[in-house]
Amino acid sequence: MSIDESWDEGCTSPPAPGGAALIAAADGEADETTLAHLQVCPVCAARVMHLRALQRQLLRRLYRLHCPPTDLLVDYCQGLLEPQVRAALDHHLASCPHCAAEVSLLEHGLPLVQALGQGRRGRLTVPLP
Ligand SMILES: [Zn+2]
Ligand SMILES: [Zn+2]
């Protein structure tokens, strides 16, 4: 009996690629053997799709974990921040595509943001790409 036994389950042409190979495939770094297998085996291909979706969720969560709240980005756009805070935010924006996108959206809609200014402690939601 082997722990890997269930891994082959449903695989249309066993042996199924190992977990590491599937994760590499989800990253777009599959080797040729794995790629060839994925083309003939919808079951393993579905596993890769699932892994990829999980990774994307995880990545988004990691990004947002270290991200400043939208309120702060609004203040940033309006030039209301202390120089130190602004500098820290500049640094963050340089490395965070999510917040950079949010700021460019905010700047684009600045008149709207200013109109909302009085009530801006209410959460402003900006759809992410
Ligand atoms: Zn397979
Ligand atoms: Zn961010």
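A residue is counted as buried if 20 or more other C-beta atoms lie within 10 Å of its own. Across the protein chain, which has 129 residues, 15% count as buried.

The length of helix 5, which runs over residues 83-95, can also be checked: at 1.5 Å a residue its 13 residues should span 18 Å, and because its end C-alpha atoms are 19 Å apart, the two values agree.

## Overall architecture

The protein chain contains 7 helices and 0 strands, so that reading along the sequence gives the pattern α-α-α-α-α-α-α. Among contacts between residues at least 6 apart in sequence, 62% join residues that are at least 24 apart.

## Alanine 53

Alanine 53 belongs to helix 3, which covers residues 42-65. Is this residue buried or exposed? Alanine 53 counts as exposed because it has 11 C-beta neighbours inside 10 Å, and the limit for an exposed residue is 12 or fewer. Alanine 53 and alanine 26 are separated by 27 residues in sequence, while their C-alpha atoms lie 8.7 Å apart in space.

## Confidence in the model

The mean pLDDT of the protein chain is 81, with 78% of its residues reaching 70 or more. Confidence is highest in helix 2 (residues 32-40), at a mean of 95, and lowest in helix 7 (residues 110-115), where the mean is 58. Where pLDDT is low, the predicted coordinates should not be read in detail.

Note on methods
Residues numbered from 1 in each chain as written. Chains lettered and ligands numbered in written order. Predicted model: local features only at pLDDT ≥ 70, side-chain atom pairs only at ≥ 80, totals over all residues. Helix = DSSP H or I, 4+ residues; strand = E, 2+ residues; numbered from the N terminus. Expected span 1.5 Å × (residues − 1). Contact = placed C-beta atoms within 7 Å. pLDDT = per-residue confidence, 0-100.
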